[in-house]
Amino acid sequence: MGRMRGVAEEIPDAEFEQILARVCAIDVAKESGMVCTRIAGPTGRRASRVWQVTATTNAVSDLAVDLVAAGVEKVTVESTSDYWRIWFYLLEAAGLDVQLVNARDVKNVPGRPKTDKLDAVWLAKLTEKGLLRPSFVPPTPIRVLRDYTRMRVDLIRDRTRYWSRLEKLLEDALIKVSSVASSLRTLSTRDMVEALIAGQRDPHALAELARGAMRGKRAALIEALTGRFDAHHGELARILLDQIDRLDTEIAKLTQRIGDLLDEIDAPPPPSTPTGDTPMTNARQRLAEIPGINTESAQLIIAEIGLDMTRFPTAAHLVSWAKLCPRTIQSGTSLTTAKTGKGNPYLKGALGLAAATNTRGKATFLSERYRRLVKRRGKGKALVAVARSILVIIWHLLADPSARFRDLGADFHDRHVNTTRKTNNLVRQLEALGHTVTLQPAA
C-alpha cells in the first residue's frame, strides 16, 4: 500500500514578503528609539549598526536625512503606544518606505535576551527577509479626519455621562420626571429642570411647562415632580447642564469640520455621461443608504478604513483586519475556532450599532439575516455576523465608486432555497418518526 500524498498547494508570497538589501528598524520608546540598520559592506557581508536617537522632531528629521542618503529601502517602526507616531510621520514625510508592525508579532522569540539593542537588531533582520506583516496606516488626510471623528465620539460619550449624572441627581432629589418623559433631553424636561434650578417648587406649575404630547401626562408629571429639590441640587444641576451645553456646541463644531474635510477628500466622481444624466454621489452618501448607517456613522467608517480599498485586496481582508471573523486554528485533524479579537474599537462600535439597528424596524435582508442566526447562534454572534455583512457591503461600495446599495430583500433566502434538498430533508425527518411518505405534486 503506497503512502498517501496530498495535493500540493501553491501559496504566492505577499507584496511585503521580499528580500531587501538596505533596511532599518526602530525599537520605539517614549523618550528615544533604538535604531538598527543592516546594509551590506564592501565584501558583501552584512552587518548591523545600532545607535540611539532621541525622540524629538529635529533628531528624527536628521535620522531621515541619513537614511535617505544611505539608500534604505524600507524602515520598520514598532507600534509602541502612541510613541511610534513621531517616527512614522517624519520618516514618511522624508520619502522613505515606512511600515508599522505590532510588537506582539516580533517579540515572541524564546531563548533570546530582552534588550532594546537586540530587539532592534532582530526587527531589522525580520525586515530584510520580508517576514513582517505591516499594519494599516491611512494617508494623512484620512488621519486628520480620523482625529476629528474620534474626538466627536469621545465628546458624545462624555455628554452621555453628564446626562446620566443629571438623572442620578434628580433621583437624589426625589424627582422622577425621567419615569414619565421619554428622555431628559426633551424640551419639556429641560424647561422643568431649568424652572427647578430657578427656584420653582410647585409641581402643578412645573407640569404646566409640558409641551405637545407631554401635556397629556400632566397628572403623572405632578406626581413625578413632587420631591425634595433644594438649592444644592439646583447648583449641581446648573453645572451639569452648562457642561452639556458646552459639549453640544463643541460636537456641532466638529460635525461641521468633518463635513468640510469630507467635501475635500470625498467629492462625487464625474458623471458617467457627458450630459450628466446619471447622478453620482459621494462615498458617505452611498454608505448612508445601508440600513442602520446614518451620515455620522458613514463619516466615522470612512475615517477608520479610508476610501482606498486597494489596501484590502478583498472584502475578506478588510473583515479580518477589523476582527469581525473568528480565527481558525488547525493542528492535524483538529480544527477549532478562536475569538475574533479586539480590532478597531471605533469601527466595531459603529458597525455594532448599525447591526443592532437592523434587529428592529422594517424587514430587510440584514434584519432577516439576524433573525435566522439568532435562533441557533445567540444574540452576540448574530450581531457580529450582521456587522460583518455590513462591512462586506461597505467594501464593495468603496471598491466600486459607481456601485449603489440594493437591498436583497427579507425573502432572499426563501427565494434561493434548494427545494429538492429541503424536501428530502423533511421526508427523512418524517420517516425517522415512523411515517411512510408519498409525495404528490400540487396541481
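Trainee: Which residues does threonine 189 touch, leaving aside those up to four places away in sequence?

Mentor: A contact means heavy atoms within 4.5 Å. On that basis, threonine 189 touches Val177, Ala181, Ser183 and Leu184. This is a predicted model, where local features need pLDDT of at least 70 and side-chain atom pairs count only at pLDDT 80 or more, while totals for chains, interfaces and linings use all residues. Residues are numbered from 1 along each chain as its sequence is written, and side-chain values use heavy atoms, with hydrogens and water left out.

Trainee: Is threonine 189 buried or exposed?

Mentor: Buried means under 20% relative accessible area, exposed over 50%, and partly exposed in between (1.4 Å probe, protein chains only). Threonine 189 has a relative accessible area of 0%, so it is buried.

Trainee: With which side chain does the side chain of threonine 189 make a polar contact?

Mentor: A polar contact is a pair of N or O atoms within 3.5 Å; within protein, one must be able to donate a hydrogen and the other to accept it, and residues adjacent in sequence count only if both atoms are side-chain atoms. Here the partner is the side chain of threonine 186, at 2.7 Å. Threonine 189 itself lies in helix H6, residues 187-198; helices (H or I, at least four residues) and strands (E, at least two) are DSSP runs, numbered from the N terminus.

Trainee: How many residues are in the largest nonpolar core?

Mentor: Such a core is a set of buried Ala, Val, Leu, Ile, Met, Phe, Trp, Tyr and Cys residues joined through side-chain atoms within 4.5 Å. The largest has 47 residues, and Leu287, Ile290, Ile301, Leu351, Ile390 and Ile394 have the most contacts inside it. Helix H15 (379-399) is among the elements that supply at least two residues, and H15 gives the most, with 12 residues. Leucine 351 touches Ile301, Leu324, Ala387, Ile390, Leu391 and Ile394, again not counting residues up to four places away in sequence.
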